[in-house]
Structures are given as structure tokens and as C-alpha cells.
Amino acid sequence: MPPQINVGQSPRVLIPRLSHIGDCILTLPVVNAIKDRFPDSFIAWAIESPGDFLVKGCDAVDQVITIPKGWLKKPMQAWSLRRQLRALDFDISIDPQSLTKSAGIGWISGAKQRIGLTKPWGRELAPRLNNINVSVKSKHVVDRSLEMLEVIGITSPAARFDLQIPDSAMSFASAIAADSKLKSGFVVINPGAGWKSRQWSNKRFGSVASYLREEYGLTSLVSWFGDQEEQMADEIVASSDGHAIKAPSTRLWELAALIQRSRFF
């Protein structure tokens, strides 16, 4: 572990966690731990769309900086981004993603202290662009990210997410949960995934819905967004022996609210 660095009581911190919504959610404990330890800190999160709207629901983040995709390959865009970041006068960058694109954001920001991960977690050019590379022992990504904070004097913080679901999404979920088929409790099936290799067979999901109804009396609610996922949802419902119903088109906040209301996901 590198020696601790003194960041003062009101550090200006950049979090360049750019992509993959699930991984961005798993980075929320980092910003909460920093704000708990340094209440007067300024924390900005650099993130690509569509995850930027999600991070805006975290009270510990003072500013969300939406990063255009592919900025590394567009010199004019990179130069404009550099000016934007340097105007915020960051003291430190903390890079749980530790890829070239995230470490590059920290580097062009002008932050003097740029904390990243050693290999194998630090990949591509990240170990060169970050100038304080931390060797971590934890297996889970949340624990690894929190372990990075030891260099700024934060040790063994609790993993706290504190993501506030908007009232509009909760109302959406409440209206759906009022359906007579769901009043006794329901399961959410969300078949979509960012990678084809992570998508399971729709007919198998249908079989799961049928089993859950027969064994536990629970109806399955199939969530979806976009034409491709709607086709998946239709196939799941059709193969569930009448034990799954299709949700309306569901955005991320609405999905979060449905999961919160559900018995099982």
C-alpha cells in the first residue's frame, strides 16, 4: 500500500467512473465514504450517458460531468473537455475503473494526485496515467474500490449506497403493483443485458415464471425497454403458462422502484 497522502479537509475530488451502469452503482459507496470523512469536500463524477442521470440521484455528488463517448479519438473534444475539467481545479482523482479512458480523464483534469489500481485490476495505460497505484486484496469490486481510499486516510468504511428513487418512479411501481395478479407479491424478471452472452433463454425464463407461480403462488412481472427487449418479454410471457405478465416500458428508475416493491428479482 502506498503511503497516505494529505488531502486537507476540503479536497476537490474527481471520480472518473465512466460507464456500465451496474459498475457505476457499485462505485456509489466510494463517494459516500469520501463525503462522510470530508463533509466540506467537492466531489465531481465524470460519467458517460445514460448513467449520468442515475448518478444525479446521489446526494454526495456535487457535480455530474457528462463525458462524450469516444472523446479519446476526437482531439477537439478532448481539448474542450480538458478546459472544462481544469477549470474545476481538482486536487485528486480516484479511478476505480482504472482503464485508459478513465485514467485519461484524471490525467487531463490536472489533478496532481491520481489514484488508480495496480495490475491486474489496473489495465491498459491506466497504471501509467495514474501516479498512485494501489494494490488491493479484496475480491468484490465494492470492497476493492473502498480499499483504495486508505491512501487518503479512510479505513474500513461501511458500503453505503443511498441512491434516492424519484417519487414519480415509486408512483409508477405502486400503480403496477396494484394489479390484482400482483397484490399477493410478485417477482421481477428482467431479461435484458448489455452483452448477448449474458442473456438467458427466454423460454427458460418462462419456465421459471411457471415454477414460481406453482410452488410459491407468485406472479412474475417481465420488465423491458426498447423493441428488442419487448420481443424478449413477449416470448417469456407466452412460454409461462399464463404465470407472467408484461410490464409497461420501464426505464431504469422505474425498474429500481419495481425491484424495491418485488419479493424477488
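# Salt bridges, sheet and backbone of a predicted model

Arg17 is buried, since its relative accessible area is 6% (buried means under 20% relative accessible area, exposed over 50%, and partly exposed in between, with a 1.4 Å probe and protein chains only). The model is predicted, so local features need pLDDT of at least 70 and side-chain atom pairs count only at pLDDT 80 or more, while totals for chains, interfaces and linings use all residues. Residues are numbered from 1 along each chain as its sequence is written, and side-chain values use heavy atoms, leaving out hydrogens and water.

## Salt bridges

Side chains of opposite charge can pair when their charged atoms come close. A salt bridge here is a side-chain nitrogen of Lys or Arg within 4 Å of a carboxyl oxygen of Asp or Glu. The structure holds seven of them, including those in the table.

| Salt bridge | N to O distance |
|---|---|
| Arg17 and Asp23 | 3.9 Å |
| Asp36 and Arg160 | 2.6 Å |
| Asp234 and Lys246 | 2.9 Å |

Buried Arg17 is paired with Asp23, a partly exposed residue at 31% relative accessibility.

The side chains of Asp36 and Arg160 also meet in a salt bridge. This pair links distant parts of the chain: Asp36 lies in helix H2 and Arg160 in the loop between H7 and H8, 124 residues apart. Arg160 is partly exposed, with a relative accessible area of 29%.

Asp234 and Lys246 form a further salt bridge. It links helix H10 (residues 227–238), which holds Asp234, to strand S9 (residues 244–249), which holds Lys246, twelve residues apart. Asp234 is partly exposed at 38%, and Lys246 is partly exposed at 33%. Elsewhere, salt bridges that share partners join Asp36, Arg160 and Asp162 into one network.

Helices (H or I, at least four residues) and strands (E, at least two) are DSSP runs, numbered from the N terminus.

## The sheet and its helices

Six strands form an open, parallel sheet in the order S3-S2-S1-S4-S5-S6; two strands pair if DSSP finds at least two bridges between them. S3 (63–66) and S6 (132–134) are the edge strands, each with a single partner, so one side of each has no neighbour in the sheet. From one strand to the next, the twist averages 25°. Axes are lines fitted to C-alpha atoms, for helices over the stretch in contact, and angles run from 0 to 180 degrees between N-to-C directions.

S4 (residues 92–94) and S5 (residues 113–117) run parallel and are joined by three bridges. Ile94 is placed opposite Ile115 in S5. Helix H5 (residues 100–109) packs on the sheet and touches S1, S2, S4 and S5, its direction making about 150° with that of S1; contact means heavy atoms within 4.5 Å. Helix H2 (residues 28–37) lies across S1 (12–15), S2 (42–47) and S4, and runs at about 165° to S2.

## Backbone exceptions

Most residues other than glycine have a negative phi, and most peptide bonds are trans. The Lys119 to Pro120 peptide bond is cis, with omega near 10°. Pro120 is in the loop between S5 and helix H6 (126–129), and Glu124 is also found in the loop between S5 and H6. Glu124 has a positive phi of about 60° although it is not a glycine, and at 55% relative accessibility Glu124 counts as exposed.

Asp162, also not a glycine, has a positive phi of about 50°. Asp162 belongs to the loop between helix H7 (141–147) and helix H8 (167–177) and is partly exposed at 36% relative accessibility.
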